[in-house]
Amino acid sequence: MFYREAGQFKTSYGADQAIFPILQDKLALAGIMAVALFVAPMIASTYWLETILVPFLVFSMAAIGLNILTGYCGQVSLGTGGFMACGAFFAYKLTTAFPDLHIVLVFLLSGLGTAMVGILFGIPSLRIKGFYLAVATLAAQFFLIWMFNKFGWWTNYSASGVISAPPRSVAGDLFITGPLASPIVKYLFLVVFVAVLALIAKNLVRSRIGRSWMAIRDMDIAAEIIGIRPMIAKLSAFAISSFYIGIAGALWAFVYTGSVEALAFEINRSFQVLFMIIIGGLGSILGSFLGAAFIVLLPILLNNLPSLIGVQMSVDLIGHLEFMIFGALIIFFLIVEPHGLARLWQIGKEKLRLWPFPY
Amino acid sequence: MSPRALTAWILGAPGVILIIGFLFQAIAAANSSFFFTWGYYAEVLIAGLLQGVMYSLVALGFVLIFKASGVFNFAQGSLVLFAALTMVGLMEMGLHWVLALVATTAVLVLVALAVERVVLRPLVNQPQIILFMATIGIFYFLDGFGQTLWGSDVKVLDIGIPRDPIFILPGLVEGGILINQFDLYAAATGGILVAVLAVFFQKTRIGRALRAVADDHQAALSVGIPLKVIWAVVWSVAGFVALIAGIMWGGKLGVQFTLALIALKALPVLILGGFTSIPGAIVGGLIIGAGEQVAEVFLGGFVGGAIQDWFAYMLAMLFLLFRPQGLFGEKIIERV
């Protein structure tokens with residue numbers, strides 16, 4: 001009744017190609033942004049901001065990055081953790097070497113640096129496919145972590161191998177890193193930053209280059225025959241994906257945790273992000289957000305569940321049970337909806353269009 | 001394998017080893033801080049080869065499942081951990097190790113049946129990446145399940161394999177070559193396991209059915225091979241292989257959480273040898289094990305050590321650039 005496109009006519013090609021062609025979608029998006037920008041900072045406690053919303057936004061960024069590579073271009077990568085580490089350490093080196101450089105610029109530059117690394121490790125994808133490639137990307141994962149761990153230069157020779165983000169502000173007093181940063185400023189900065197980059201990603205995947213990625217994903221030989229250059233399509237997917245993942249890594253180290261060591265970006269991080277895009281939906285920007293929310297919230301929920309229902313258990317046992325339930329839920333979700341949460345949303349929308357008169 | 005390829009291997013492999021040896025000798029001649037003797041080289045090489053067999057044991061489980069169902073089973077590592085934990089748990093209850101072995105095998109068959117029924121059957125016909133993620137789900141589940149049941153302390157698994165180091169060939173090289181006896185037994189077990197699997201695959205009725213399923217699911221179904229039974233069998237066999245690997249690795253490192261992560265070590269072995277080849281898993285394991293050990297000992301010093309973490313992956317990746325399907329993998333034929 002409320003959600004339908006009947007009566008909304010397009011009078012220009014521009015309007016026809018809009019990201020959200022339906023008025024209701026536009027309103028919903030504006031509503032979500034308004035809630036995220038104005039309502040959430042007012043009602044959310046520091047705990048919510050620091051342990052749920054900030055990591056959610058950082059992970060969304062990483063998930064968008066991986067989704068570009070795996071969901072849109074079809075190249076399975078298990079090197080996400082390594083690329084996140086790249087972004088974090090590049091940002092650290094940049095901002096300590098050039099303290100006057102604006103922090104946003106530092107993030108973008110570290111993303112660019114990670115994109116270069118991504119291209120380098122993407123070269124094998126020109127010959128290797130499928131799971132062989134997935135395992136080959138593990139080379140990036142292990143090599144990069146080893147490198148950041150082994151050479152003191154990356155951490156400015158700190159004895160513990162931990163990098164701590166120096167205080168940097170976006171403008172004036174609005175610190176987003178360092179001890180002075182307030183959770184609200186961090187959160188608002190991330191909302192704006194992630195929203196802008198997500199918008200760019202959404203437009204990228206609808207553009208010529210995004211379509212060439214999807215052609216490669218669906219069948220690379222056929223794509224080559226209709227005139228898409230696989231080298232450019234695959235390497236650009238690696239570059240742009242690594243750009244996003246690198247920025248996510250830098251945000252993780254600078255805005256979320258504040259100090260980080262290379263081991264924080266181990267193989268488990270890669271799997272975590274891969275889970276996000278599979279649960280959220282491969283080949284969907286919205287899915288990246290949904291998946292990130294799911295994977296960030298689930299462990300917190302599982303952690304608090306025993307105390308909520310009043311059962312006393314040892315910490316060890318909770319940890320193991322958490323693993324079990326996490327694994328079981330992953331399998332359950334894959335069986336119920338292999339195309340992810342984004343698909344559920346789509347089905348819901350279809351239903352909503354007909355509601356309340358399904359015939 | 002054709003006779004020509006076989007000769008190439010028999011001549012080529014020692015050739016490569018010799019060439020690398022001479023290369024190191026040249027470096028040693030030019031750089032006095034670089035330590036190299038042929039005896040030491042042989043010792044490192046043999047230790048690496050034996051280590052490689054251990055990797056192969058884990059990789060075998062992957063290959064079995066990938067061959068029969070096209071599933072890249074990430075859960076193999078946690079299957080190893082689960083098997084070892086169950087075995088130790090049963091032995092601590094006072095069972096003799098032979099009885100514990102039989103009982104654990106039975107438990108693993110149950111796990112295989114459950115996996116087939118609960119995970120694989122509802123996900124039939126899904127894209128490979130979905131199945132891969134499902135096995136990661138199994139990985140987490142089994143990991144937690146095993147430790148919930150048996151606790152997470154480091155346990156000792158001892159079934160009476162001697163572990164004193166021995167010296168061989170004392171006459172040939174100065175001081176002899178030091179070999180860990182435990183590794184020798186592990187290698188022998190690995191060899192026997194492969195032989196048994198080969199006979200099982202080539203000679204038995206179920207083995208033939210397995211090969212048929214590996215070739216083509218649909219064709220196998222249409223000639224009357226029950227796919228569900230085959231999958232349960234292949235997961236059971238993979239569980240048994242995991243048990244053997246668990247006993248060997250558990251005996252070497254102690255049974256603990258990190259056992260699940262040796263699966264990561266088996267992955268480069270897998271892609272080097274080819275996902276679909278049992279001999280490939282063995283040869284790949286030998287190459288990775290020896291290469292890794294030699295690189296760590298002789299080259300690790302130049303870049304700060306601990307290059308074991310990634311060397312195997314780099315080696316496998318560079319190798320794949322020249323042969324994208326691995327050493328013995330089936331040739332990838334693509335049609336539009």
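Predicted model: local features only at pLDDT ≥ 70, side-chain atom pairs only at ≥ 80, totals over all residues.
Colleague: Let's start inside chain A: what covers the buried residues of α5(A)?

Modeller: Helix α5 of chain A spans residues 103-122 and reaches 28 Å from its first C-alpha to its last, close to the 28 Å expected at 1.5 Å a residue. Its buried residues include A:Ile103, A:Phe107, A:Val117 and A:Phe121. The cover over the buried residues of α5(A) includes α4 (80-97), α6 (130-150) and α10 (230-257) of chain A.

Colleague: Thanks! How many helices and strands does chain B have?

Modeller: You can read them off in order from the N terminus: α-α-α-α-α-β-β-α-α-α-α-α-α-α. The tally for chain B is 12 helices and two strands.

Colleague: And what radius of gyration does chain B have?

Modeller: The C-alpha atoms of chain B fill a box of roughly 65 × 60 × 35 Å along the principal axes. A compact globule with 336 residues would have a radius of gyration near 20 Å, and chain B agrees with that. The value for chain B is 21 Å.

Colleague: What percentage of the residues of chain A count as buried?

Modeller: Chain A has 14 helices and two strands, and its C-alpha atoms fill a box of roughly 70 × 60 × 45 Å along the principal axes. Its radius of gyration is 21 Å, which agrees with the value near 21 Å for a compact globule with 359 residues. Of those 359 residues, the buried ones make up 45%.

Colleague: Now to where the chains meet: which element gives the largest share of the side of chain A that touches chain B?

Modeller: The contact takes 36 residues from chain A and 39 residues from chain B. On the chain A side, the elements giving two or more residues are α6, α9 (220-225), α11 (267-280) and α13 (315-336). By class, that side has 30 nonpolar, two polar and four charged residues. The largest share, 13 residues, comes from α13(A).

Colleague: Which residues have the most contacts inside the largest nonpolar core?

Modeller: That core has 219 residues. One residue to look at is B:Val80, which touches B:Val58, B:Trp249, B:Leu259 and B:Ile262 among others, not counting residues up to four places away in sequence. The residues with the most contacts inside the core are A:Leu251 and B:Val80.

Colleague: In α7(B), within what arc do the buried residues fall?

Modeller: Helix α7 of chain B covers residues 205-215, and B:Ala209, B:Leu210, B:Val213 and B:Ala214 are buried there. Seen down the axis, these buried residues line one face of the helix because they fall within an arc of 140 degrees.

Colleague: Which elements do those buried residues of α7(B) pack against?

Modeller: First, for orientation, B:Arg205 and B:Asp215 are exposed on the other side of α7(B). The buried residues of α7(B) pack against α2 (38-69), α6 (181-203), α8 (217-222) and α9 (227-253) of chain B.

Colleague: Is B:Ile287 buried or exposed?

Modeller: You will find B:Ile287 in helix α11 (residues 278-303) of chain B. Around B:Ile287 there are 25 other C-beta atoms within 10 Å, and the cut-off is 20 or more. B:Ile287 is therefore buried.

Colleague: How does B:Glu92 count, by its C-beta neighbours?

Modeller: B:Glu92 lies in helix α3 (residues 76-92) of chain B. B:Glu92 has 13 C-beta neighbours inside 10 Å, so this residue counts as partly exposed.

Colleague: Last one: what is the phi of A:Tyr157?

Modeller: Most residues other than glycine have a negative phi. In the loop between α6 and β1 (162-164) of chain A, A:Asn156 has a positive phi of about 55 degrees. A:Tyr157 lies in the loop between α6 and β1 too, and is exposed, with 9 other C-beta atoms within 10 Å. Although A:Tyr157 is not a glycine, its phi is positive, at about 60 degrees.

Terms used: Residues numbered from 1 in each chain as written. Chains lettered and ligands numbered in written order. Helix = DSSP H or I, 4+ residues; strand = E, 2+ residues; numbered from the N terminus. Rg over C-alpha atoms; globule rule 2.2 N^0.38 Å. Expected span 1.5 Å × (residues − 1). Buried ≥ 20, exposed ≤ 12 C-beta atoms within 10 Å, placed from the backbone. Contact = placed C-beta atoms within 7 Å. Nonpolar A, V, L, I, M, F, W, Y, C, P; charged D, E, K, R; others polar. Core = buried A, V, L, I, M, F, W, Y, C linked by C-beta atoms within 7 Å. Arc of directions from axis to C-beta.
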